[in-house]
Amino acid sequence: MSAAAPSGLRRFLVALLIVYVAKQLVVAFVSPPFTGHDEVAHFAVIRIVATEHRIPMLWTDTLPADLYQYRAYSIEWRNRDNSPLYTAVHPPLYYILMAPVYAAASRLSPEGIQYVLRCASIPCGVALIVLAFLLTTTLFPRDAFLGVTVPTAVAFQPQISYEAAMVNNDALATALYTGILLLMVLTIRDGATIRRAALLGVAAGVALLAKGTTVIALVLIPLALLAGQRGRRWRSAAIQTAVAYAAAMAIIGPWWWFMTRAYGDPMALTAIAATQTDLTRDDTTFLQLLFSGRFLVDRWTETWGEFGWRLIHISGALLALLGVVTAASIAALVAVAMAERRAVASYGWRVPALALLAAACALGYLSTVQFGVRFVLTQARYFFPMAAAAALLLMLGLRAWIPGRWHSIGQAVVVFAAIAVNVAIYTAYVIPYWYFR
Amino acid sequence: MSSRIGTSAEPARASRLTRRIGAALALTMLLAAMIGAAGFRTVASDGTVRVRSAPSVWKVAAEHIRRDAPRPAMYAVYAVSLAVTVAGCFLLLWLAATVGRDDDAARAGSAAVAAFRGVAAATAWRR
């Protein structure tokens with residue numbers, strides 16, 4: 001953080017991180033065992049890695065029979081003993097990181113181990129907030145409004161923080177992807193070099209080892225390297241892109257080779273379709289889903305609610321209010337970009353950097369649409385890696401609505417709103433659903 | 001561009017400070033009312049709807065966690081975390097209101113409103 005950073009911003013970030021960790025512990029303990037998205041299945045993979053020291057296989061490993069009582073929180077667990085362990089096709093990084101935690105807690109019951117593993121996910125959320133903060137202060141080092149509101153929006157976004165309190169690889173993938181976005185912004189600001197390209201490739205390779213949803217980074221890397229050229233140097237950008245891809249492939253290549261040999265393609269999509277026959281589809285096209293209001297509303301609903309494997313539905317009025325605020329922020333962002341082109345041009349390197357973040361958001365949604373063409377169970381979680389980019393752009397749009405001298409009050413109101421949304425969701429829906437009979 | 005210095009700047013600075021403290025105080029009271037006094041329309045898993053206060057809802061969760069936790073320490077961690085979360089949220093409101101200075105942008109209006117006016121004017125001119 002530069003010397004010109006707003007006074008009190010660092011203190012706010014420290015307080016935010018402390019509150020975040022405490023809030024995450026509350027979420028981890030208030031959610032009954034194995035009720036998170038695919039938690040039973042992720043837990044089973046960690047158990048196999050920790051106890052049998054091997055990667056599970058979709059064709060031979062099954063969902064854990066001893067945890068059959070939690071079948072309501074997994075996909076198609078009809079037969080107790082031989083339902084495929086569908087998370088076996090996920091990349092191994094998260095499970096390898098969690099295996100020592102499992103081993104350390106192995107004397108506890110499965111439920112007890114699961115709570116320990118949930119707590120072990122919290123550092124991924126902390127990393128995400130710090131990276132969102134660095135992304136914001138790199139782009140707008142003297143802007144107090146964005147410095148306060150962007151990390152707050154990420155920390156209090158109910159579903160993104162929920163994932164960072166569950167046994168799940170989403171939070172790790174989101175944090176790593178945000179790190180890649182930060183590296184890309186720094187590359188655009190400081191200029192692209194072979195070394196930075198290699199670093200981007202390494203970061204992308206590591207993120208791909210966490211979850212396949214980060215594959216969009218490979219599309220963004222050439223754009224970032226091109227934007228980071230001083231002058232139009234296509235050849236240099238092409239060489240740097242090749243270096244970045246080579247670095248990425250050196251890391252993810254062996255896993256993709258293994259997946260292709262085992263399942264036919266690097267992401268095992270064909271194998272997933274073969275084992276989840278009831279959840280595949282061929283009745284829609286990419287364009288139909290892209291312009292489908294129902295599809296958009298479903299993803300929006302999942303972005304804020306649908307806790308406990310789509311069991312807990314939050315109020316339509318709250319979702320609509322959040323939708324209106326988001327739409328107003330996007331509209332302001334677009335209107336300012338169009339009406340004040342001269343002022344926007346004075347942003348210099350920030351313009352391509354912000355365009356890159358916008359592209360990350362657009363690609364995140366488009367890839368979720370593409371997945372939905374084949375699989376019924378496409379989910380908002382697949383575009384969560386873009387959380388920090390989306391928060392930054394939305395807060396930039398929201399800031400445009402607020403007169404300059406009201407920014408400090410506006411940032412406090414945003415913090416209040418973020419807290420209030422969480423209080424309302426957990427008090428009115430999540431806790432009553434689990435504990436009131 | 002000019003800026004006020006010395007004693008002439010003091011009233012404006014004091015006014016900005018008052019505004020920030022006022023906002024933080026108002027938001028603190030609002031959050032306190034939401035947590036302490038407001039009734040939430042709670043929805044149970046069987047669809048039963050009842051209006052309850054936040055503390056009464058949280059108390060039920062705490063009792064379940066105390067009873068069902070695999071280890072007694074889990075309840076203690078939960079209780080401390082909940083207390084830190086609630087207290088920390090109030091602190092965050094105050095800290096958020098005090099970050100940065102308003103001086104640089106003190107006279108700026110809403111960029112979005114100006115932009116929409118600009119777009120609307122350009123559209124009208126084209127007609």
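**Exercise 1. Find the residues that A:Arg47 is in contact with, leaving aside its neighbours within four places in sequence.**

*Solution.* Start with the cut-off: contact means heavy atoms within 4.5 Å. With that rule you get A:Glu52, A:Pro64, A:Asp66, A:Leu67, A:Tyr102 and A:Pro110. Finally, check its cover: A:Arg47 has a relative accessible area of 18%, and buried means under 20% (1.4 Å probe, protein chains only), so A:Arg47 counts as buried.

A quick note on the model: it's predicted, so local features need pLDDT of at least 70 and side-chain atom pairs pLDDT 80 or more, while totals for chains, interfaces and linings use all residues. Residues are numbered from 1 along each chain as its sequence is written, chains are lettered from A in the order in which they are written, and side-chain values use heavy atoms, without hydrogens and water.

**Exercise 2. Describe the interface of chain A and chain B.**

*Solution.* First, count who takes part: 58 residues from chain A and 54 residues from chain B. Then take the buried area, meaning the accessible area (1.4 Å probe) that two parts lose on being put together, summed over both. Here that's about 4900 Å², with 77% from carbon and sulfur atoms. On chain A's side, A:Phe29, A:Phe416 and A:Phe436 lose the most area, together 14% of what that side buries.

Notes:
Buried means under 20% relative accessible area, exposed over 50%, partly exposed in between (1.4 Å probe, protein chains only).
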